[in-house]
Amino acid sequence: MVRCLLATAILAVSLLSGCGSTPVTLYSDNTMKKKEYNGIKAYKNGLYEQAFNDLKQPAALGYKSAQYTLAFMFLKGQYLDQSTKLGMGWLGVAAEAGVENWSHQYDTFYAAATLEEKQQIDAIVALYIKQFGVKAQNMTCRRSTSARRTFGEIKIDCTKRDGAVTVYEVDTVE
């Protein structure tokens with residue numbers, strides 16, 4: 001029985017590592033929330049390299065405020081090469097949080113895109129939801145009920161549910 005379980009675990013890890021992802025990983029929810037907060041703070045202070053380094057892991061793990069901030073770093077070309085495609089991918093997956101303003105921003109940018117750009121955006125958003133979405137990353141996200149909001153904006157509180165997740169790299173080039 002133990003041999004069978006061990007063989008199954010080895011097979012699962014080898015299959016996951018062959019899909020362009022890192023093997024299943026556990027992480028600290030509190031550490032990711034702190035990185036997300038520090039990354040947003042660095043972004044607000046114009047420290048874009050620090051912001052990216054703090055935000056990329058929480059964004060990859062499904063934290064919506066990190067994804068939203070990363071979207072604008074790509075859209076504006078702040079520390080990263082400007083990329084409408086990658087920025088819209090992050091904005092599209094961040095919109096899973098159900099924040100009306102975020103969805104409105106996504107819809108506005110999407111409406112201005114050409115047909116070819118819309119097809120690219122659709123593909124990247126579908127991929128990002130598959131890799132970085134709440135379901136894929138085993139997350140629960142909700143608006144904070146706290147009167148105190150981060151940087152005067154909407155605060156989305158995401159928490160990892162029990163279980164491991166697959167960590168995908170954050171692409172920085174199209």
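Me: Which residues do ring pairs link into a cluster?
Reply: The cluster is made of Tyr68, Phe72, Trp102 and Phe109. Keep in mind that this is a predicted model.

Me: How many aromatic pairs does the count come to?
Reply: The count is ten aromatic pairs. One of them is Trp90 with Tyr128, a tilted pair with 4.8 Å from centre to centre and 50 degrees between the planes.

Me: Where do Trp90 and Tyr128 sit in the chain?
Reply: Trp90 is in helix α5, residues 84-94, and Tyr128 is in helix α7, residues 115-132. They are 38 residues apart, so the pair links distant parts of the chain.

Me: Is Trp90 buried or exposed? And Tyr128, buried or exposed?
Reply: Trp90 is buried, with a relative accessible area of 0%. Tyr128 has 2% relative accessibility and counts as buried too. The cut-off for buried is under 20%.

Me: Back to Tyr68 and Phe72. Which are the buried residues of α4?
Reply: Both of those are on the list, which also holds Lys64, Ser65, Ala66, Gln67, Thr69, Leu70, Ala71, Met73, Phe74 and Leu75. Twelve of the 13 residues of α4 are buried, so this helix is largely enclosed by the rest of the structure.

Me: How many residues does α4 have, and what does it reach from its first C-alpha to its last?
Reply: Helix α4 runs over residues 64-76, which is 13 residues, and reaches 18 Å. That is close to the 18 Å expected at 1.5 Å a residue.

Me: What comes just after α4?
Reply: Gly77, which takes a positive phi of about 70 degrees.

Me: Pick Gln67 in helix α4. What does Gln67 touch?
Reply: Leaving out residues up to four places away in sequence, Gln67 touches Ala59, Gly62, Trp90, Val93, Ala94 and Phe132. Trp90 there is the residue that pairs with Tyr128. Gln67 is buried, with a relative accessible area of 0%.

Me: Which side chain makes a polar contact with the side chain of Gln67?
Reply: That of Lys64, at 2.9 Å.

Me: New topic. What is the mean pLDDT of the protein?
Reply: The mean is 81, and 75% of the residues reach 70 or more. Over residues 1-25 the pLDDT is below 50, and this stretch has 19 contacts in the model beyond near neighbours in sequence.

Me: Where else does pLDDT stay under 50?
Reply: Over residues 147-152, for which the model has eight contacts beyond four places in sequence. Where pLDDT is low, the predicted coordinates should not be read in detail.

Definitions and conventions
Residues numbered from 1 in each chain as written. Predicted model: local features only at pLDDT ≥ 70, side-chain atom pairs only at ≥ 80, totals over all residues. Heavy atoms only, no water. Helix = DSSP H or I, 4+ residues; strand = E, 2+ residues; numbered from the N terminus. Expected span 1.5 Å × (residues − 1). Buried < 20%, exposed > 50% of the residue type's maximum accessible area, 1.4 Å probe, protein only. pLDDT = per-residue confidence, 0-100. Contact = heavy atoms within 4.5 Å. Polar contact = N/O pair within 3.5 Å; in protein donor to acceptor, adjacent residues only side chain to side chain. Phe/Tyr/Trp six-rings, centres within 6.5 Å; stacked < 30°, edge-to-face > 60°.
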